[in-house]
Amino acid sequence: MIGMDEEYSRAIAQAQENFKDLNERGANAVGGNVLEFMESILTSEEIAESNLRVAIIGELIKARQEKGISQKKLEELSGVKQPVIARMEKGSTNPQLGTILKVLAPLGKTLAVVPLENQINNDI
């Protein structure tokens, strides 16, 4: 059985390869619109999860850069090894929630659980 991280990595790798192929063939390629292509191979839940990961890691990178903290310094402050931080920032790993929280804390950030706007509207 393939783990979710491995399955996600394979899906992203395939999408990147397909995107490269589409770019080489140009706008006339079938599925030339990358968003249409992504929607055709990923479920809405997978797209939402990917978007959330990108948003969280983007905020982490932004906060680290705004504070002028290197990955190595963030390792010292958080206790999370620099190579793990680098993999998180590159998106090549699916970090545990605890790891994300450890890295965000020295940056003055945390995560919050909030209602999803679409979920609220769909339930009404």
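In this predicted model, the buried residues of helix α6 are Thr 99, Ile 100, Val 103 and Leu 104. Because these four span an arc of only 130 degrees around the axis, they lie on the same side of α6. Their packing partners are α3 (44–66), α4 and α5.

**Helix α5 against helix α6**

Helix α5 covers residues 82–90 and helix α6 covers residues 97–104. The two pack at an angle of about 100 degrees, and their axes are 12 Å apart. An angle from 65 to 115 degrees counts as roughly perpendicular, so α5 is roughly perpendicular to α6. On the α5 side, the residues that meet α6 are Val 84, Ile 85 and Met 88. Their counterparts in α6 are Thr 99, Ile 100 and Val 103. By residue type, this contact holds 5 nonpolar residues, 1 polar residue and no charged residue.

**The nonpolar core**

In soluble globular proteins, nonpolar side chains tend to be buried together. Here the largest nonpolar core has 12 residues. Among them are Ile 85 and Met 88, both of which also take part in the contact of α5 with α6. Ile 100, Val 103 and Leu 104 belong to this core and are buried residues of α6. At least two core residues come from each of α3, α5 and α6.

Leaving aside residues up to four places away in sequence, Leu 107 touches Leu 60, Ala 63, Arg 64, Lys 67, Ile 69 and Leu 74.

**Helix α4 and Glu 75**

Helix α4 runs over residues 71–78. Its buried residues are Gln 71, Leu 74, Glu 75 and Ser 78. They cover an arc of only 110 degrees around the axis, which means that they sit on the same side of α4. These buried residues pack against α3, α5 and α6. Just after α4, Gly 79 has a positive phi of about 85 degrees.

Is Glu 75 buried or exposed? Its relative accessibility is 12%, and therefore Glu 75 counts as buried. Apart from residues up to four places away in sequence, Glu 75 touches Val 80, Lys 81, Gln 82 and Ile 85.

**Helix α1 and Gln 14**

Gln 14 lies in helix α1, which covers residues 4–25. Because its relative accessibility is 45%, Gln 14 counts as partly exposed.

**Residue pairs**

The table gives C-alpha separations for one pair that includes Glu 75 and one that includes Gln 14.

| Pair | Separation along the chain | C-alpha to C-alpha distance |
|---|---|---|
| Glu 75 and Pro 106 | 31 residues | 9.9 Å |
| Gln 14 and Ile 41 | 27 residues | 9.9 Å |

How values were computed:
Residues are numbered from 1 along each chain as its sequence is written. This is a predicted model: local features need pLDDT of at least 70, side-chain atom pairs count only at pLDDT 80 or more; totals for chains, interfaces and linings use all residues. Side-chain values use heavy atoms; hydrogens and water are left out. Buried means under 20% relative accessible area, exposed over 50%, partly exposed in between (1.4 Å probe, protein chains only). Contact means heavy atoms within 4.5 Å. Axes are lines fitted to C-alpha atoms, for helices over the stretch in contact, and angles run from 0 to 180 degrees between N-to-C directions. Angles under 35 degrees count as roughly parallel, over 145 as roughly antiparallel, 65 to 115 as roughly perpendicular and the rest as oblique. Ala, Val, Leu, Ile, Met, Phe, Trp, Tyr, Cys and Pro count as nonpolar, Asp, Glu, Lys and Arg as charged, and the others, Gly among them, as polar. The arc is that of the directions from the helix axis to the C-beta atoms. A nonpolar core is a set of buried Ala, Val, Leu, Ile, Met, Phe, Trp, Tyr and Cys residues joined through side-chain atoms within 4.5 Å.
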